[in-house]
Amino acid sequence: MKKLIMQLIQFLKLLIKYPKSLLLFQLIFIGQMNFGQTAGEINHYFNMIANEPDEKERLVYNDSLTNTIISYLDSHEDITGTDIPGIKYLGQITPSDSIIKIFTWNIPVSGGNNVFNCIIYNSLSDKNILLKGEKGLADLETDAVIHSNDWYGSLYYDIQAVGNEEEMTYILLGFDPDNIYMNAKVIEILHFDEEGKPVFGKKIFSTKNRILTRMIFKYSPLATMMLKVDPERSMIIFDHLSPSSPQFEGQYTYYGPDFSYDALEIKDGKLILVEDIDLRNKNKQ
């Protein structure tokens, strides 16, 4: 409230100084109010979800949260150019071409699982695509192509355009938190079908033995894994994961970083695996 009053005072001062710019200032002020109101409503629902012990009630609040975000997107013009500010638990990512924008968030449910929510805004069609998933990354296959009606669920935190600009193909980095058994991260490929619907997975990953549609990393919920885009190297860099002891081979709840690093080189629309890279010296790549 204090911030809103200060904005109003500033608005009146500018109006007195520049009376001919009334319409412009009105639009700016209304836009700031819309941002603040939307952020307040979204944070309200996130707080209600965090403090609600009943799982069914959390999902009811989630429906209200989803409707609030959709209403904002339907009424706002510059969606890809501006994030909704002041929101802690809502992922908002936009690629450099500013064609799409992706919002993701999760609702914790029993057994360490999550209900994942995703809204993809496509500026070319001016449409919002709502996805919901509960499977997560634990059983997702590395060679499956996933359509929008069977989205698995993930929190996407970075995006990078790849390949021909006309094909609208993007690299997504995603996270599936599980505080009980296993965390997981994914390098995903997003593209669109002829109807403009999102498709996840594309055979552009070149590894030693096979061509994959995505890469998935599973590791201990007690560990932290680095997975990031390095635009200067044109690479996706990540920790190499190993079991804490040879006897735990294949049991991913015991996996974690082993202080070595691998990468995917982004080249000619492909992702080419490069093992055991040296992060200390870029010239050695």
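Q: Where is the place of D268?
A: D268 sits in the loop between strand 15 and strand 16 (270–274). Strands are DSSP E runs of at least two residues and helices are H or I runs of at least four, numbered from the N terminus. This is a predicted model, where local features need pLDDT of at least 70 and side-chain atom pairs count only at pLDDT 80 or more, while totals for chains, interfaces and linings use all residues. Residues are numbered from 1 along each chain as its sequence is written, and side-chain values use heavy atoms, with hydrogens and water left out.

Q: Is D268 buried or exposed?
A: D268 is exposed, at 71% relative accessibility. Buried is under 20% relative accessible area, exposed over 50%, partly exposed in between (1.4 Å probe, protein chains only). D268 also has a positive phi of about 55°, although it is not a glycine.

Q: And M168, what's its phi?
A: Positive, about 50°, and M168 is not a glycine either. M168 lies in the loop between strand 6 and strand 7 (170–176). M168 is buried, with a relative accessible area of 11%.

Q: Switching to helix 3. Which residues are buried there?
A: R58, Y61, N62, L65, T66, T68, I69, Y72 and L73. They cover an arc of only 160° around the axis, so they sit on the same side of helix 3. That arc is taken over the directions from the helix axis to the C-beta atoms.

Q: What is exposed on the other side of helix 3?
A: K56, D74 and S75.

Q: What caps the N-terminal end of helix 3?
A: D54 does, with a side-chain oxygen 3.2 Å from the backbone nitrogen of K56.

Q: Now pockets. What volume does the largest pocket have?
A: About 690 Å³. A pocket is an open set of points on a 1 Å grid over the protein atoms alone, where a 1.4 Å probe fits, with protein on both sides within 12 Å along at least five of seven lines; lining residues have an atom within 4 Å of a point. Volume is the space filled by probe spheres set on the points, which are joined across faces, edges and corners.

Q: What about the second largest pocket, how much space lies in it?
A: About 370 Å³. Strand 2 gives the most to its lining, with five residues.

Key:
A polar contact is a pair of N or O atoms within 3.5 Å; within protein, one must be able to donate a hydrogen and the other to accept it, and residues adjacent in sequence count only if both atoms are side-chain atoms.
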